[in-house]
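I opened this model to look up two residues and the confidence around them. My notes are below the display.

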Amino acid sequence: MRELAQKVIKAMEKVETQGIKQTYELKKDAEKYGKNSSDVVTAKTELEDPNAAAFMERFMSMLFGPEGMTTRSVYLKDKVVQTVGGGKQAMTDALAAQEQKSATTKTPFQTARGKLAPKSNVVVMFDLANTAVKILELVAQAQVLPLPLDADQIKQLQSKPSYFGLSAGTEAQGLRVKTVVPVEQMQGFAKIGMFFQQQFGGAGQ
């Protein structure tokens, strides 16, 4: 699988369409995590429109961190652990979570992973609420919508990290899927809903 992934990245090294150029850079065994090493793929998108390019750069930075859209892949004996954004710490947390190490204090990532199926073919974990806040903050800063959004007020909607989780695993005659939605995620979206209700609930009165 590792060889196939590397060949795919090599084939997609440069992709160009009208007004958009996307490049992928693969660094094999770029980082060490204990006995394991990680391949690191960095995707960069270039746009001809300078305004759109500036917006895209801010969007990628807010969504994935200062590195932009950087994917780390660690190939273990029977599984692949992959993270997008979040730096080396995200991969460190992901590896620790899949090993299910016992600890007195678990990270939100480890807590969410522990509630999903231990044996899965696919595991997806995403902090939906805080990601939505980051996107709203970016939209407010860029002023791309005719709405009076205050970026500083939106930034205050950030909640403690928590993760929506989904695991899927094949069985002898079927597929078992398990989802986990922490209460913190629901509280995060409730804060967003209350913010918009306070901002625009009185419109038209």
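**Ground rules.** I am working from a predicted model, where local features need pLDDT of at least 70 and side-chain atom pairs count only at pLDDT 80 or more, while totals for chains, interfaces and linings use all residues. Residues are numbered from 1 along each chain as its sequence is written, and side-chain values use heavy atoms, with hydrogens and water left out.

**Confidence.** I checked pLDDT, the predictor's confidence in each residue, from 0 to 100. The chain averages 84, and 93% of its residues reach 70 or more. Strand S4 (residues 70–75) is highest, at a mean of 94, and strand S1 (residues 14–17) is lowest, at 77. Helices (H or I, at least four residues) and strands (E, at least two) are DSSP runs, numbered from the N terminus.

**Glu-137.** I found Glu-137 in helix H5 (residues 128–142). Glu-137 is buried but has no salt bridge. Buried means under 20% relative accessible area (1.4 Å probe, protein chains only). A salt bridge needs a side-chain nitrogen of Lys or Arg within 4 Å of a carboxyl oxygen of Asp or Glu. Lys-155, the nearest side chain of opposite charge, is 4.6 Å away. Beyond neighbours within four places in sequence, Glu-137 contacts (heavy atoms within 4.5 Å) Met-62, Ala-151, Ile-154 and Lys-155.

**Asn-130.** Asn-130 also lies in helix H5. I noted its relative accessible area, 6%, so Asn-130 is buried. Its side chain reaches the backbone nitrogen of Ser-159 at 2.9 Å. With neighbours within four places in sequence left aside, Asn-130 contacts Gln-158, Ser-159, Lys-160 and Pro-161. Gln-185 is 55 residues from Asn-130 in sequence and 8.4 Å away, C-alpha to C-alpha.

Methods: Buried means under 20% relative accessible area, exposed over 50%, partly exposed in between (1.4 Å probe, protein chains only). Lys and Arg count as positive and Asp and Glu as negative; His and the chain ends are not counted. A polar contact is a pair of N or O atoms within 3.5 Å; within protein, one must be able to donate a hydrogen and the other to accept it, and residues adjacent in sequence count only if both atoms are side-chain atoms.
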